[in-house]
Amino acid sequence: MENFESDLMIFSKALLSINDISGVINFLNNESLLFINADRVNIILKDDINAQSILYYQDANKNFQRYDYSEDNLSLHHVVSCEYSHYINGEELYRTFPQLSIHPAYTNIQTYCKIPLLIANQQLGAIEYINLRLPSYDDVEKQFKLFNNMVAAMIEHILEHQIASSLTQQLSNEHKDYQFLVDITNAVINQSSKKELISSLLHFLYQRFGMNELSIIQSQDGHYNQYSGGDIEGEIDYQCHFFTDDSMIKNAVENNKAVILTAADIYTLRGDDNSPYFSTLAKSACVIPMIFRGVTIGYICYVKAVESQFESGEIELFKQISARVALAMHSIKVHQSAIPHRSQTKFISIEDSYDEHAIFDDIISQSEVMNKVLEQVALVASCDSTVLILGESGTGKELIARAIHKMSHRSKTDMVKMNCAAIPSGLFESELFGHERGAFTGAVTQRVGRFEQAHKGTLFLDEIGDMPLELQPKLLRALQENEIERVGKNQLISVDVRIVVATNVNLLQMVQQKQFRNDLYYRLNVFPIEIPPLRERAEDIPLLVKHFTRELAKKMGKNITSIAAEDMHIMQQFSWPGNVRELRNVIERSVILTRGHVLNVPIQELVSSPSILASKSVEVVEQDSVLPATLKSPSPVIDKQMIVDALIRCGGVIAGPNGAANQLGLKRTTLLSRMQKMGLNSQDFRLIN
């Protein structure tokens, strides 16, 4: 009994340290168990996958071994299929199963004992004792049964651990494969040629599989065109090969099945120039069809420099890659079909430096009208006066507000922003001035408003025209007294805030229509800055296009270096009703659509838009009489001679009712900008008059 208890202690400690079947076999065969005395202990387990049995044992050198019973050799040891205990002597065992005499797990048997391993009436397998010797006392059979139950529990724990580890590894592999396919998709979808496609694929296949050779095979006019790429010392060597003998890949061609080529197959193909091409380093290959919308458009040949059996998981991953490459190949074909009409197109580099142009806190400009705006920003930034920024939606009013803040003495604090159009009317006062806890239903905590957040800094109120009319007196009081009251608290709070507001509506017209308070309007209209729409500064469009392209291409991991001059010209003629915001959105869409190094601008969208500016021709003036007002060019087409004639007639006067700008139908700033480009000076024409 003492021996049995000692064995149980040893067994309990083993449960904490053993985590695989080999550990169980080594423990049962090597541990000095006092209760169990046997020459060898084997374990037979059932395989859940193929319902066959597996024998685990130690050989004569005490090395762990595994033997799989198949349909053919199950008769070798028919006793393993028995679900009951079996105890016979060695002579009878060898006479019944003569094949066992030559099996290394069953040598020198005097007695053989097989005990089923049961857990909850489910048989895991069996344990075999070779030459077992048990103590001779009354409870030995009960103890022996308990011992076997503990072995069964240990094995069940190990099997469950292996299943859990296998599932964890499977999930990890699936996540790894998913991320790999995402990277492959992002890489191949941006390529514009087979050469770029193969180069991009090889980069990922080498990292994942150590693969440094790849081919794309396509059928054309009765023969096959094979385009191959191989990485040789960091440089990719490209080969183009033609062949007609497809016998080695016929299963892929006729049945859309994966074809595995061994080293012997590849050696045979190298001797035939009319067969697929393989480099001298190729040792194995897998050919996978590329299928797009149910149609086979070609084949990918994945090549390894070592002999490989290509596991089923690898082949499935290759199929997923091939599907993505098929989509990329179709897109390349569509893209290349649109290239010929641009064969003679001139291109503009987007890498050109624009250091000589005005760059002012993310505001890029070379136009005279924007330079005037920036001059106003510089003038007003140093003082604390309220600034009213006017301009159409998308012109960059917030950028101007940010520039004012950064140039002011308040720049060390943050600029607090609030979009008046985005705040529900019921929460507007709370957002602007804050509230106390319990001030209204739902006010569970105290809230600091935007005014207090902007203390010692700048408060930017965008879309001020959308401020509720009933709250405008409170804003006026805050501006005049520099004091606010939180909702639910009758106590004045002093604030030191510089106010910058912006709007894209006509506030004066709203005042006349009683939709905006006139006293607030005049309080805000201390220093108005009007931002010109993009159509009035077309000379800034090339700079903005280049800037946005560089910025977005870098973010998307693309290398875009140029844009067609024709596309740039069309964008300069477009009226851009959404201004700079719309231009940036078009450039972002263009970068997404781009394959290769030339920006792919969806020009057809601009050409078909009713907002496209009329082409620069003499017929524009005649067309104006029949075009709707929304389609008319915002500024007439004026050449240098027309400006000279107007300046002569006006004696060099630019502004005013009798000025040249009024005669030409231009704004004063627009005329001055054009005169500067043409090298004209109004002073010269005053002498003429």
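Let me begin with a term: two residues are in contact when heavy atoms of theirs lie within 4.5 Å. The structure above is a predicted model, in which local features need pLDDT of at least 70 and side-chain atom pairs count only at pLDDT 80 or more, while totals for chains, interfaces and linings use all residues. Residues are numbered from 1 along each chain as its sequence is written, and side-chain values use heavy atoms, with hydrogens and water left out.

With that term in hand, take Leu492, which touches Arg477, Glu483, Ile484 and Glu485 when residues up to four places away in sequence are not counted. Leu492 belongs to strand β22, residues 492–494, where strands (E, at least two residues) and helices (H or I, at least four) are DSSP runs numbered from the N terminus.

Now to the open sheet, which 5 strands form in the order β17-β20-β23-β16-β24, with parallel pairing; two strands pair if DSSP finds at least two bridges between them. Because β17 and β24 (527–530) stand at the edges with a single partner strand each, one side of each is left without a neighbour in the sheet. Neighbouring strands are turned by 20 degrees against each other on average, direction ignored; for such angles, axes are lines fitted to C-alpha atoms, for helices over the stretch in contact, and angles run from 0 to 180 degrees between N-to-C directions. Inside the sheet, β16 and β23 are joined by 4 bridges and run parallel, and Ile389 stands opposite Ala502 in β23. Helix α10 packs on the sheet, touching β16, β17, β20, β23 and β24, and its direction makes about 155 degrees with that of β16. Helix α9 (residues 368–381) lies across β16, β23 and β24, running at about 155 degrees to β24.

Between β16 (387–390) and α10 (397–407) comes a loop, and Thr395 sits in that loop. Thr395 is buried, with a relative accessible area of 6%, and its side chain reaches the backbone oxygen of Glu392 at 2.8 Å. That is a polar contact, a pair of N or O atoms within 3.5 Å; within protein, one must be able to donate a hydrogen and the other to accept it, and residues adjacent in sequence count only if both atoms are side-chain atoms. Leaving aside neighbours within four places in sequence, the contacts of Thr395 include Ile531, Pro532 and Arg537.

Elsewhere, strands β2 (residues 53–58) and β3 (residues 64–68) run antiparallel, joined by 5 bridges, and Gln58 has Phe64 as its bridge partner in β3. These two strands form a hairpin with 5 residues between them, and Lys62 in the turn has a positive phi of about 65 degrees.

Technical notes. Buried means under 20% relative accessible area, exposed over 50%, partly exposed in between (1.4 Å probe, protein chains only).
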